[in-house]
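Here are some friendly notes to read alongside the model. Take the points in order, and keep the 3D view open while you go.

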Amino acid sequence: MSAAGLALDHVTLRLGGRVVLDDLSFDVRPGELLALVGPNGSGKTTALRTLTGALIPDAGRALIDGRPVAGLGRRGVAARIAHLPQGFRSHWNLTVRDLVRLGAARGAGWWQAGRPAAPDPALDLGELLDRRLDDLSGGERARAAVAWALAAPAGALLADEPAAALDIGHALSLMQLFEGLRGAMTVVVVLHDLGLALAHADRVAVLAKGRLLALDTSQAVLQNGAIEAAFGIRPIPAPVAAGAWPVAVRAGPETRGNPGDSL
Ligand SMILES: Nc1ncnc2c1ncn2[C@@H]1O[C@H](COP(=O)(O)OP(=O)(O)OP(=O)(O)O)[C@@H](O)[C@H]1O
């Protein structure tokens, strides 16, 4: 399966009477690693769920490879997109091995799914395969969830805060795993850690109040003021070697008040 191109095209979406996505448009190029960042409530999860067709826009459309998501059906979307929701939990207290098997059956059926490949070594699940999910730590469960998401072939992975529970070593391994998928798969990853986003993504989309402030390279979003405008903080490039954390993020005096107030 080839990497999928994704897009939101002038999407406006209301939830509970409030505009959550406000004329939001962006393209994700086939095979790129795109980080989606923005303050709490800025619409990141809603944008991913719109791309999967789980939420229907009031205006505009979501597209996979140029085709409206609405016309693909649930199975059509599942065959193309792996969606790892925020705080993923399995309904059953499976072993990690069975969770990965379940992931391999997504979009097909148990009877059609081949044997899943072993989880990527970057996920460090070798010792955990026969442990049950309820007996794992939050970060171990989060790594198992990524293995679930990647167990079936798909043209794109939409991962909502997959690194939130991970220690720094496992978070870096996860981002390296995503980098390794480049080209073969499109990856959209929601991250709260700006260091991870800026260090590893091909491009960074900055959301605030349901609007796109920037979609550009890390260098560009650091320089064009989008990070300041979205979060009310000042990103400071750190003097570290390439490949390490490229920025430190320090609160500035302008952090008082609500992020995005200047929009
Ligand atoms: N079912 C709902 N009904 C009403 N409002 C909702 C509903 N779901 C989400 N919202 C609101 O939509 C806005 C965007 O939510 P969303 O989960 O997309 O934000 P987010 O950027 O992913 O936030 P976070 O960083 O906190 O995970 C929030 O203000 C949220 O309260």
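## Notes on the fold and the ligand shell

1. Let's begin with a pair of strands: β7 (residues 156–160) and β8 (residues 186–190) run parallel and are joined by five bridges. For a landmark within this pair, find L157, which stands opposite V187 in β8. Please keep in mind throughout that this is a predicted model.

2. Now zoom out to the sheet that holds this pair. In what order do the six strands of this open sheet come? Reading across, the order is β6-β7-β8-β3-β9-β10, and the pairing is mixed. At the edges stand β6 (81–84) and β10 (211–216); each has a single partner strand, so one side of each is left without a neighbour in the sheet. From one strand to the next, the twist averages 15°. Helix α4 packs on this sheet, where it touches β6 and β7, and its direction makes about 165° with that of β6.

3. Helix α3 (residues 96–104) and helix α4 (residues 138–150) pack at an angle of about 30°, with 7 Å between their axes. Angles under 35 degrees count as roughly parallel, and α3 and α4 are therefore roughly parallel to each other. Their crossing is right-handed. On the α3 side the contact is made by V96, L99, V100, L102 and G103, and on the α4 side by A144, A147, W148 and A149. Which class of residue would you expect to find here? By class, the contact of α3 with α4 has eight nonpolar residues, one polar residue and no charged ones.

4. Next, turn to the other sheet described in this note. This open sheet has four strands in the order β2-β1-β4-β5, with antiparallel pairing. Its edge strands are β2 and β5 (67–68), each of which pairs on one side only. β1 and β2 are paired over seven bridges in the antiparallel sense, while five bridges join β1 (residues 6–15) to β4 (residues 59–64), again antiparallel.

5. Helix α1 lies across β1, β2 and β4, running at about 120° to β1.

6. Finally, which residues are around the ligand? They are L15, G16, R18, V20, G38, N40, G41, S42, G43, K44, T45 and T46. How many of the shell residues are nonpolar, polar and charged? They divide into two nonpolar, eight polar and two charged.

Key: Residues are numbered from 1 along each chain as its sequence is written. This is a predicted model: local features need pLDDT of at least 70, side-chain atom pairs count only at pLDDT 80 or more; totals for chains, interfaces and linings use all residues. A residue is near a molecule or strand if its C-beta atom, placed from the backbone, lies within 6 Å of it. Ala, Val, Leu, Ile, Met, Phe, Trp, Tyr, Cys and Pro count as nonpolar, Asp, Glu, Lys and Arg as charged, and the others, Gly among them, as polar. Axes are lines fitted to C-alpha atoms, for helices over the stretch in contact, and angles run from 0 to 180 degrees between N-to-C directions. Helices (H or I, at least four residues) and strands (E, at least two) are DSSP runs, numbered from the N terminus. Angles under 35 degrees count as roughly parallel, over 145 as roughly antiparallel, 65 to 115 as roughly perpendicular and the rest as oblique. A crossing is left-handed if the near helix is turned anticlockwise from the far one by less than a right angle, and right-handed if clockwise. Two residues are in contact if their C-beta atoms, placed from the backbone, lie within 7 Å. Two strands pair if DSSP finds at least two bridges between them.
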